[in-house]
Amino acid sequence: MNRREFSAALAAGLLSSRQSLGSAPAFWLRSSPSVNGERLNRHLTEISRFGANPQGGVTRLAYSDADRDAREYVLGLMRDARLSPTIDAAGNIIASRAGSNAALKPILFGSHIDSVPEGGNYDGNVGSLAAIEVAQSLGEQGITTRHPLQVVIWQNEEGGLYGSRAVSGQLTAEELQNVSRSGKTIADGIKFLGGDPQRLAEARRTKGDIAGYLELHIEQGGTLEREHLDIGIVEGIVGIKQWEVTVTGFANHAGTTPMDQRHDALLAAARFVEAVNRVVTSVPGRQVGTVGRMQAFPGAPNVIPGQVVCTLELRDLDAAKIDALYSRISAEATRIGGENGTTFAFHMLHENVPAPSDPRVRQLIAESAKALGLTTKVMPSGAGHDAQAMATLGPMGMIFIPSVAGISHSPREFSKPNDIVNGANVLMGALMRMDEWGQRAGDGG
Ligand SMILES: [Zn+2]
């Protein structure tokens with residue numbers, strides 16, 4: 001930063017007293033680094049041809065030819081950026097850049113480039129290409145960080161965070177036999193990408209192996225755009241619990257059974273849906289609850305439904321809140337069942353524990369955005385991300401940029417080029433600030 005910027009930063013209270021001119025950390029004394037935004041947006045356009053679909057979006061399923069080709073393209077970008085990319089045993093691409101202090105743990109940053117069927121060109125790609133761009137810009141500007149840097153492109157995020165969970169040790173051996181949307185099993189997919197499912201342990205890291213993790217991502221919701229804000233600082237990735245709910249009544253003739261003699265499972269299920277909505281909205285907060293699937297049996301126009309199978313899903317940043325909502329919903333279900341002689345049984349299908357971001361990393365992101373004159377909001381991520389696996393290994397932070405109209409997982413997904421550049425610059429600033437960690441003795445790092 002130049003003198004005028006430094007004064008402005010001082011006036012804005014961005015520099016603490018220990019960061020007065022005399023003892024300013026190294027990065028304040030360099031000219032304020034920023035990315036090459038034109039190049040970043042060009043790369044984003046270029047990667048969109050891998051798996052381009054007629055609707056204007058991208059279908060780049062993990063382990064497909066389009067995925068492999070896009071990874072080749074990314075490896076080329078990394079080499080152009082003078083990084084040394086390798087593929088780990090889990091099939092993730094990891095490109096390293098040495099720091100000045102080899103004793104420090106690496107700072108990881110990146111995202112994914114696989115997509116959902118008929119997805120868009122921004123989910124994952126923005127954060128992946130921005131990470132490479134940040135590393136390239138550092139090199140071009142002659143900046144060497146203290147920590148080693150690792151740009152990571154996680155494999156198969158959309159199928160269930162397979163690459164990042166292999167690294168965090170959460171991936172089970174049984175899951176390697178799951179069949180991915182590409183048709184290949186996870187094990188075969190890992191081989192297809194150049195990994196080795198027999199040697200996953202080599203890709204594994206444990207808590208404390210990383211200095212920190214940063215990920216830039218599109219919001220995939222409409223909050224930032226609606227509130228005219230530039231940057232979202234992710235408070236954490238919400239926890240998710242899903243149940244299969246079976247409502248059992250008694251199937252009987254729809255013509256001969258009087259209304260007061262019925263044990264109608266579908267009527268009870270309908271009341272249940274209403275109760276879920278009522279309970280979830282009865283307390284303040286950003287929790288969400290959904291009944292997303294429902295089937296009635298035997299499923300005939302002239303038979304009273306004897307059984308209904310539906311789902312319940314609850315999400316929040318606070319696991320205890322999810323549990324409290326669930327017990328109220330299950331009490332409601334018992335009450336509803338009592339009204340018409342039906343019973344409710346809950347079977348848990350899936351659980352994702354909430355992954356809070358690290359408050360210190362949130363602070364770095366806030367400072368980085370403020371130094372660039374960008375507006376921010378602290379917000380939860382309602383969608384899952386590789387960052388939640390990394391949160392188990394070290395301090396994690398995520399940066400969101402606006403999604404136009406809040407649309408994602410669709411060919412209509414779009415983020416503005418300028419917002420993408422803003423996000424990449426915030427990522428760069430946060431990374432530079434994280435690199436100052438452990439500067440002083442006893443600081444950890
Ligand atoms: Zn994503």
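1. In this predicted model, a network of salt bridges links R271, E274, R278, E332, R335 and E339. One of the pairs is R278 with E274, whose side chains meet at 3.2 Å, N to O, and both residues lie in helix α9, 4 residues apart, which is about one turn of the helix. R278 is partly exposed at 36% relative accessibility, and E274, at 43%, is partly exposed too.

2. Helix α9, which covers residues 265-280, also holds A270, a partly exposed residue with a relative accessible area of 44%. Although 38 residues separate A270 from V308 in sequence, their C-alpha atoms are 10.0 Å apart in space.

3. The count of salt bridges comes to 20, and E38 with R42 is among them, with the closest N and O atoms 3.2 Å apart. E38 is exposed, at 52%, whereas R42 is partly exposed, at 37%.

4. A salt bridge of 2.8 Å, N to O, joins the side chains of D323 and K241. This pair links distant parts of the chain, since D323 belongs to helix α10 (residues 319-340) and K241 to strand β7 (residues 239-248), 82 residues apart. D323 is partly exposed at 36% relative accessibility, while K241 is buried at 13%.

5. The largest nonpolar core has 55 residues, of which V74, M78, F109, V151 and L214 touch the most other members; helix α13 (residues 417-434) gives the largest share, 10 residues. Leaving aside residues up to four places away in sequence, L214 touches several residues, including F109, V361, I365, L427 and M434. A second, separate core of 34 residues includes L108, V152, I186 and L229.

Conventions. Residues numbered from 1 in each chain as written. Predicted model: local features only at pLDDT ≥ 70, side-chain atom pairs only at ≥ 80, totals over all residues. Heavy atoms only, no water. Core = buried A, V, L, I, M, F, W, Y, C linked by side-chain atoms within 4.5 Å. Buried < 20%, exposed > 50% of the residue type's maximum accessible area, 1.4 Å probe, protein only. Helix = DSSP H or I, 4+ residues; strand = E, 2+ residues; numbered from the N terminus. Contact = heavy atoms within 4.5 Å. Salt bridge = Lys/Arg side-chain N within 4 Å of Asp/Glu carboxyl O.
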